Amino acid sequence: MSLHGPCDPLLGFAFDAAATRGVPLQAVHGRALPVHAYVPWGVDPDVADDVTKEADGELRESLRPWQERFPEVPVQLTVLPENPTRAMVQSVPGAELLVIGRRRHRPPFAPRVGPVAHAAIHHVTCPVAVVPHD
């Protein structure tokens, strides 16, 4: 899930699909670490923790209205200080359905699907729903 703009169609589809199936929803957000997080001995744990906490707060805020609309859908949050594509591929085993977004308005010469959708199509074994949003 990208939190860089409105994604109500994506969240609506995901919550509706979980409610219809009577299953919990796992919301996964990957946030790449900034360059200054990488130090000679690996990753600075303080920076990784700060990035994860910020992303977790944003994810909770984005999901709050949907959790109020769909109180019967249990939600599990997974926030990884990781490239969004890797976070998605790591988190999807065992899923019945993967719901990902695709921006409707892309630059003129950009591919029709982004890297997360492309990886999902090629690397996951469950059905994938690609939901266009602005």
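In which helix is the place of Ser91? Ser91 lies in helix α3, which covers residues 84-91; helices (H or I, at least four residues) and strands (E, at least two) are DSSP runs numbered from the N terminus.

Before I continue, a word on the source. This is a predicted model, in which local features need pLDDT of at least 70 and side-chain atom pairs count only at pLDDT 80 or more, while totals for chains, interfaces and linings use all residues. Residues are numbered from 1 along each chain as its sequence is written, and side-chain values use heavy atoms, with hydrogens and water left out.

Let me return to Ser91. Its relative accessible area is 14%, so it counts as buried, a term for values under 20%, with exposed meaning over 50% and partly exposed in between (1.4 Å probe, protein chains only). Leaving aside residues up to four places away in sequence, Ser91 touches Gln26, Val28, Thr78 and Leu80, where contact means heavy atoms within 4.5 Å.

I turn now to the protein as a whole. It has four helices and six strands, and along the sequence they follow the pattern α-β-β-β-α-β-α-β-α-β. Of the 134 residues, 34% are buried. Among contacts between residues at least 6 apart in sequence, 75% join residues at least 24 apart. The C-alpha atoms fill a box of roughly 50 × 35 × 25 Å, taken along the principal axes.

Next, helix α1. This helix spans residues 8-21, 14 residues in total, and reaches 20 Å from its first C-alpha to its last, close to the expected 20 Å at 1.5 Å a residue; the expected span is 1.5 Å times one less than the number of residues. Which residues of α1 are buried? They are Leu10, Leu11, Gly12, Ala14, Phe15, Ala17 and Ala18. Their cover includes strands β1 (25-30), β4 (75-80), β5 (98-103) and β6 (128-133), together with helix α2 (45-69). After α1 comes Gly22, whose phi is positive, near 70 degrees.

Finally, the cysteines. How many disulfides are there? The count is zero, under the rule that a disulfide is a pair of cysteine sulfur atoms within 2.5 Å. Cys7 is in no disulfide, and the nearest cysteine sulfur, that of Cys126, is 19 Å away. Cys126 is likewise in no disulfide, its nearest cysteine sulfur being that of Cys7. Cys7 is buried, with a relative accessible area of 5%, and Cys126 also counts as buried, at 13% relative accessibility.
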